[in-house]
Amino acid sequence: MLFATAAVALALSGCGTGGSSSAGSSSSPTGGASTPYVAPSGTDQTGVLFQKYSNASAGYSFLFPGGWRITEKPPTGVRIARFGNAITAVVTARAAAPFYKGYQTTLDKQLGQHDAKKLSKIDGAVTQVKIGATKKPNAVRAVIEQVRPTGTTTPPETIVIVRYLFWKSGKLLTLSMSSVKGIDNTLAYDLIANSFRW
């Protein structure tokens, strides 16, 4: 797994701030050297397990594994990746909040188009979930699969994507977190999604 479950939970529950910033965004360390766990391979040289990514232009933030490479997609998108794992956030305009039944219908239609690079499988039903301190469900969650070409001499690989849809004031944020199938990062990705804030 990407992280030991206990290390992830501890890192997400003990949030400190600091760090650097760039135009429109910033990342700050979280869950530093006070944890008794060994940082996973690829962790930032400072030893922090998680950092906070903030996008000032779109007004959102979430935690990501320390040391992963950040590639911003101005003005509101970002891709954070390392070792074949990736987190992407994309903001689009949408008049109303998404509902799990509607997104299930959308995915079912995409699956019917038989384009494995876009969608090869839906892993379970789409659900409505609660993120943060709220009494009502405020996000949509889906787990899907795609087939990604790897080259002329190696077979394609399947990636599993844990996807969350967040909505606020006419803005839809799609947070997609992916890994190669067989590496189960679902729990870690759910914890990262639970750190999301508008």
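Two aromatic rings of Phe, Tyr or Trp are taken as a pair when their centres lie within 6.5 Å, with planes under 30 degrees apart counting as stacked, over 60 as edge-to-face and the rest as tilted. In this predicted model, the structure holds 8 such aromatic pairs. One of them joins Tyr53 and Phe62, whose ring centres are 5.7 Å apart with 45° between the planes, and the pair is tilted. Tyr53 counts as buried at 1% relative accessibility, and Phe62 is likewise buried, with a relative accessible area of 1%. Another pair is formed by Phe166 and Phe196, which is stacked because the ring centres are 4.0 Å apart and the planes meet at 20°. Since Phe166 belongs to strand β11 and Phe196 to the segment after α3, this pair ties together parts that are 30 residues apart in sequence; both residues are buried. A single aromatic cluster takes in Tyr53, Tyr60, Phe62, Tyr164, Phe166, Phe196 and Trp198.

In soluble globular proteins, nonpolar side chains tend to be buried together. The largest nonpolar core here has 29 residues, and those with the most contacts inside it are Tyr60, Phe62, Ile87, Tyr164, Leu175 and Met177. Among the elements that give two or more residues to this core are β4, β10, β11, β12 and α3. A second, separate core of 12 residues includes Tyr103, Leu107, Ile144 and Leu172. For Tyr164, the contacts beyond four places in sequence include Val129, Ile131, Val140, Leu175, Met177 and Ala193, together with the charged residues Arg141 and Asp190.

Strand β4, which spans residues 60-65, also holds Leu63, and this residue counts as buried at 6% relative accessibility. The C-alpha atoms of Leu63 and Leu191 are separated by 9.0 Å, although the two residues are 128 apart along the chain.

Side chains of opposite charge can pair when their charged atoms come close. A search of the whole structure finds 4 salt bridges, one of which joins Glu145 and Lys181 at 3.2 Å, N to O. This pair links distant parts of the chain, with Glu145 in strand β10 and Lys181 in the loop between β12 and α3, 36 residues apart. Glu145 counts as buried at 5% relative accessibility, whereas Lys181 counts as partly exposed at 44%. Arg148 forms a salt bridge with Glu157, their closest N and O atoms being 2.6 Å apart; Arg148 is partly exposed, with a relative accessible area of 27%, and Glu157 is partly exposed at 25%.

Technical notes
Residues are numbered from 1 along each chain as its sequence is written. This is a predicted model: local features need pLDDT of at least 70, side-chain atom pairs count only at pLDDT 80 or more; totals for chains, interfaces and linings use all residues. Side-chain values use heavy atoms; hydrogens and water are left out. Helices (H or I, at least four residues) and strands (E, at least two) are DSSP runs, numbered from the N terminus. Buried means under 20% relative accessible area, exposed over 50%, partly exposed in between (1.4 Å probe, protein chains only). A nonpolar core is a set of buried Ala, Val, Leu, Ile, Met, Phe, Trp, Tyr and Cys residues joined through side-chain atoms within 4.5 Å. Contact means heavy atoms within 4.5 Å. Rings of Phe, Tyr and Trp (its six-membered ring) pair if their centres lie within 6.5 Å; planes under 30 degrees apart count as stacked, over 60 as edge-to-face and the rest as tilted. A salt bridge is a side-chain nitrogen of Lys or Arg within 4 Å of a carboxyl oxygen of Asp or Glu.
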